[in-house]
Amino acid sequence: MCTHQDQGWISSHPKVCEIKAQGIDNSTQTHCAILTYFDLTEVKLWHAVHIHGNRDLQMVTFSGQKAENDSLSDILPLPASTELSMERIKHYFAALHPRASHMELEPSRMEEGPFCELIPKLTLALVDSDSTVVYYNVFDGMQPPKDASESKT
């Protein structure tokens, strides 16, 4: 049985209980996570959305598929008021993608396809106080503009 000091139905929602069972005690992170979960599953109709707790960071991430045959995406819900810096984003990548962090890319691999497919991607779900969720994709590295190959003359 999931018990909370919070008031309201949302505090006893099975997914909130699942987050708490994974050792996440950060109520702000839990609130952002459950609103993101609702947005992904009920509004955007994502497939196979799973909750992953990170006790060290006291954060929740999700993995899921935008469409049934898409590859899995990693989503990190954060309050919209979170001050983000390159250092903080690198910290998230190091904690959430430890093997891929600081990956070196050989110049020959740049010809294999879009750079963004070769390095880890993290989708930040920024949750505002009115429950609006805005998504941003960030990559562990630099991604050249899509028209960079056309500008070489």
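Modeller: A residue is called buried when its relative accessible area is under 20%, exposed when that area is over 50%, and partly exposed in between, using a 1.4 Å probe and protein chains only. This is a predicted model, in which local features need a pLDDT of at least 70 and side-chain atom pairs count only at pLDDT 80 or more, while totals for chains, interfaces and linings use all residues. Residues are numbered from 1 along each chain as its sequence is written, and side-chain values use heavy atoms, with hydrogens and water left out.

A nonpolar core is a set of buried Ala, Val, Leu, Ile, Met, Phe, Trp, Tyr and Cys residues joined through side-chain atoms within 4.5 Å. The largest one here has 19 residues, and those touching the most other members are I19, Y37, L40, V49, V60, F62 and I75. Two or more residues each are given to this core by α1 (14-21), α2 (27-43), β1 (47-54), β2 (59-65) and β4 (121-127), and the largest share, 7 residues, comes from α2. For I75, if residues up to four places away in sequence are not counted, the residues touched include L40, V60, F62, A125 and Y135, contact meaning heavy atoms within 4.5 Å. Another core lies apart from the largest one and has 10 residues, among them L76, I89, F93 and V138.

Two of the members just named also meet through their rings. Rings of Phe, Tyr and Trp (its six-membered ring) pair if their centres lie within 6.5 Å, and planes under 30 degrees apart count as stacked, over 60 as edge-to-face and the rest as tilted. The structure holds 2 aromatic pairs. In one of them, the rings of Y37 and F62 have centres 6.0 Å apart and planes at 35 degrees, so this pair is tilted. Because Y37 belongs to helix α2 and F62 to strand β2, the pair ties together parts that are 25 residues apart in sequence. Y37 counts as buried at 13% relative accessibility, and F62 is buried with a relative accessible area of 0%. Ring pairs link Y37 and F62 with F38 into a cluster.

Strand β2 also holds S63, a residue that is buried with a relative accessible area of 7%.

Finally, a word on confidence, which is given by pLDDT, the predictor's confidence in each residue from 0 to 100. The mean pLDDT of the chain is 79, and 73% of its residues reach 70 or more. Confidence is highest in α2, at 95, and lowest in helix α3 (residues 86-96), at a mean of 86. Over residues 99-118, by contrast, pLDDT stays under 50.

Note on methods. Helix = DSSP H or I, 4+ residues; strand = E, 2+ residues; numbered from the N terminus.
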